[in-house]
Amino acid sequence: MTIKEVSRRYGLSADTLRYYERVGLIPPVPRTSGGMRDYDEASLGWVELIKCMRAAGVSIEALTEYCRLFQLGEETLEARKALLVEQRRQLLARMEDIQASLDRLDGKIAGYEGI
């Protein structure tokens, strides 16, 4: 799949996709004989993961470290798991903060409904 097709499919610019590859957020994408990026299923899986994790607020640094560890192989399984567990903990904490804000907003809105 070309970078243009991936860009369209995932709603990311071609520049963003190149950046993700350049900084190590995704492993190097296979290339055609002419040097064009040719995203395969594995590459698309990384794009999906990064898009999902970035939407959840996971830092570029954490994702880059995860990708780096993944490329080092099975001896990094525990480190990868630990990284994901920590990111999950942080996401749950943010969700609690968001829920508290939502509850407060709901209370404010309810106060206006009687007016």
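Predicted model: local features only at pLDDT ≥ 70, side-chain atom pairs only at ≥ 80, totals over all residues.

Me: How is the packing of two helices described?
Reply: Two things are needed. Packed helices are described by the angle between their axes and the distance between those axes.

Me: Are α3 and α4 roughly parallel or roughly antiparallel to each other?
Reply: Helix α3 covers residues 41-55, and helix α4 covers residues 60-72. They pack at an angle of about 150°, with their axes 10 Å apart. Angles over 145 degrees count as roughly antiparallel. So α3 and α4 are roughly antiparallel.

Me: Which residue class has 9 members in the contact of α3 with α4, nonpolar or charged?
Reply: From α3 come W46, L49, I50, M53 and R54. They meet I60, L63, Y66, C67 and F70 of α4. Arg counts as charged. The contact has 1 charged residue, no polar ones, and 9 that are nonpolar.

Me: How are α1 and α2 oriented, roughly parallel or roughly perpendicular?
Reply: Helix α1 spans residues 3-10, and helix α2 spans residues 14-22. Their axes come within 9 Å and cross at roughly 105°. Angles of 65 to 115 degrees count as roughly perpendicular. Therefore α1 and α2 are roughly perpendicular.

Me: How many nonpolar residues are in the contact of α1 with α2?
Reply: On the α1 side are I3, V6 and S7. On the α2 side are A14, L17 and R18. By class, 1 residue is polar and 1 is charged, while the number of nonpolar residues is 4.

Me: Is T76 buried or exposed?
Reply: T76 is found in the loop between α4 and α5. Its relative accessible area is 7%. The cut-off for buried is under 20%. So T76 is buried.

Me: Which residues does T76 touch, leaving out those up to four places away in sequence?
Reply: Residues up to four places away in sequence are not counted. That leaves L69 and F70.

Me: Is R94 buried or partly exposed?
Reply: R94 lies in helix α5. The relative accessible area of R94 is 28%. Buried needs under 20%, and exposed needs over 50%. So R94 is partly exposed.

Me: What distance separates the C-alpha atoms of R94 and A56?
Reply: R94 touches A56, G57 and V58, not counting residues up to four places away in sequence. Along the chain, R94 and A56 are 38 residues apart. Their C-alpha atoms are separated by 9.4 Å.

Definitions and conventions. Residues numbered from 1 in each chain as written. Heavy atoms only, no water. Axes fitted to C-alpha atoms, helices over the stretch in contact; angles between N-to-C directions. Helix = DSSP H or I, 4+ residues; strand = E, 2+ residues; numbered from the N terminus. Parallel < 35°, antiparallel > 145°, perpendicular 65-115°, else oblique. Contact = heavy atoms within 4.5 Å. Buried < 20%, exposed > 50% of the residue type's maximum accessible area, 1.4 Å probe, protein only.
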